[in-house]
Structure formats: C-alpha cells, structure tokens
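Biologist: Could you put the structure up, please? I would like to go through it with you step by step.

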Amino acid sequence: MKTILRVSAVCMLFAGSALALTGERMPEIPLDKMSAAQRSIADAIMSGPRKRMSGPFNAWLRSPELADRLQKVGEYIRFNTSLDKRVNEMAILMTAQAWGSQYEWYAHAPLALKAGLDPAIVAAIGAGRKPDNMKNDEAIVWEFTTQLRRDHGVDDAIYARALEKFGEQGIMDLVAVNGYYDVVSMTLNVAHVAPPADAQLPFKQAGR
C-alpha cells in the first residue's frame, strides 16, 4: 500500500512539474498515451498541410470527434479559402488581437508578413488601431470584420463592397475565418497555450 502511495505521489509530482513548465491546463498528450481515436486525428493533422500538432489541437483532442471536425474546417480556411492569403491572415490577426490571444498572434503574424501584408498594418492591428494606407481589399476586410465582431452583423454598405470584391463565397469564407479563429483563440486562452517566453508580442495575454 505504501509503495502504491509513493508511486502515485511521484506521478502527481511529475504531472504537476510538466504543467508548471508548460503553463498549459491541457498539456501535450504523448502519442503512446493517446486513445485510438486521438491518435488517428493526430496522425491526420501531422500528415496534412500543417505537419505538426500545435496551438489548439492538444486541447481539442480531449474531445476527439470535435477535434476532427474542427481541424477539417481549419484546413479549408487556412489552405483552401477563396480569399487571398494576405487578407485571410489579416482577419486572423484581427481575431487574435480581439481575443488577446498571444499564441495566435505569435503563430500568424509571420504568416501575414510572408503573405504580403504590410508590416505597418500588422503593427496597427496589434496595437488595436485602424491601419492607414490599406489596399481596397484590406479596407473591406478591416471594416467587415470590425463591424461583425463589434455589432454582431454588418451594414448594407460594407456588405455590398464585400460582395463586389469577394462574391458570396468570399463573404462566407470571411465570416468563417473570423468564427473559426474565435474558437481557436478561445481554446488557446482557456487552455493557457502560450508562445515562447522570448516572443515579441504587441499585447498582453487575455486572462493571465
């Protein structure tokens, strides 16, 4: 009995140490500790365009069917959307800033720059300001996303501009990128998924 108690105490200490090191409420599950359903989803993610498990996925694995459905939506939104990657990443950054999700910003700010978004626009979004000198499609995405999150809808004027520029598919893809990364950011914040300690970030982590 004493031996069992000692082993349990060591296991609890190890688990507590791992949590302290990562700061995450739902730390990474080793592949050999995953259930069959979890391992199947992890393999699908790692063999797909993302190539690795990161961000919200370890938390989502706690609900395997949900994880599978969400990661498939996310794969479309990131890699197959009808929107130009530059404005798609812009909407993601606006979502990260709105939620105070540092990991999301850390993961996507470099992708936005790589996609051609002006560094000045990235900096303005990070500071919570309306960027200056936006291109037409960027201005539409900024206004559409701002109204959608602030007013829970968009007015006829910005809808018409978005429709002319992106079409109905583009409007739905713009709604979806905002909604999907709301879920991602909420997950990251609740699960305490943090970027590296030395990451340069423009805002404080929400809820920390």
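Modeller: Keeping in mind that this is a predicted model, we can begin with its contacts: among those between residues at least 6 apart in sequence, 67% join residues at least 24 apart.

Biologist: What does the secondary structure come to?

Modeller: The protein has nine helices and zero strands, and from the N terminus on its elements run α-α-α-α-α-α-α-α-α.

Biologist: And how many of the residues count as buried?

Modeller: Of the 208 residues of the protein, 42% count as buried.

Biologist: Which residues touch the most other members in the largest nonpolar core?

Modeller: That core has 48 residues, and Met90, Leu93 and Trp105 are the ones that touch the most other members. At least two residues each are supplied by several helices, among them H2 (36-47), H3 (57-60), H5 (85-99) and H8 (136-151), while the largest share, eleven residues, comes from H9. As background, in soluble globular proteins nonpolar side chains tend to be buried together.

Biologist: What does methionine 90 touch?

Modeller: Leaving out residues up to four places away in sequence, Met90 touches Leu117, Ile121, Ile125, Met134, Glu138, Val141 and Trp142.

Biologist: Let's change topic to H4 and H9. At what angle do their axes cross?

Modeller: The axes of H4 (residues 64-79) and H9 (residues 156-191) come within 10 Å and cross at roughly 130°, which means that H4 is oblique to H9. The crossing in which H4 passes H9 is left-handed.

Biologist: Which residues make that contact?

Modeller: On the H4 side they are Leu70, Val73, Gly74, Tyr76, Ile77 and Arg78, and on the H9 side Gln169, Asp173, Ala176, Val177, Tyr180, Tyr181 and Val183. Sorted by class, the contact of H4 with H9 has nine nonpolar, two polar and two charged residues.

Biologist: What about H5 and H9, is their crossing left-handed or right-handed?

Modeller: The crossing of H5 and H9 is right-handed, and their axes come within 9 Å and cross at roughly 40°. H5 and H9 are therefore oblique to each other.

Biologist: Which residues meet there?

Modeller: From H5, Asn88, Ala91, Ile92, Thr95, Ala96 and Trp99 meet Leu174, Val177, Asn178, Tyr181, Asp182, Ser185, Met186 and Asn189 of H9. By class, this contact of H5 with H9 has eight nonpolar, five polar and one charged residues.

Terms used:
Residues are numbered from 1 along each chain as its sequence is written. This is a predicted model: local features need pLDDT of at least 70, side-chain atom pairs count only at pLDDT 80 or more; totals for chains, interfaces and linings use all residues. Side-chain values use heavy atoms; hydrogens and water are left out. Axes are lines fitted to C-alpha atoms, for helices over the stretch in contact, and angles run from 0 to 180 degrees between N-to-C directions. Helices (H or I, at least four residues) and strands (E, at least two) are DSSP runs, numbered from the N terminus. Angles under 35 degrees count as roughly parallel, over 145 as roughly antiparallel, 65 to 115 as roughly perpendicular and the rest as oblique. A crossing is left-handed if the near helix is turned anticlockwise from the far one by less than a right angle, and right-handed if clockwise. Contact means heavy atoms within 4.5 Å. Ala, Val, Leu, Ile, Met, Phe, Trp, Tyr, Cys and Pro count as nonpolar, Asp, Glu, Lys and Arg as charged, and the others, Gly among them, as polar. A nonpolar core is a set of buried Ala, Val, Leu, Ile, Met, Phe, Trp, Tyr and Cys residues joined through side-chain atoms within 4.5 Å. Buried means under 20% relative accessible area, exposed over 50%, partly exposed in between (1.4 Å probe, protein chains only).
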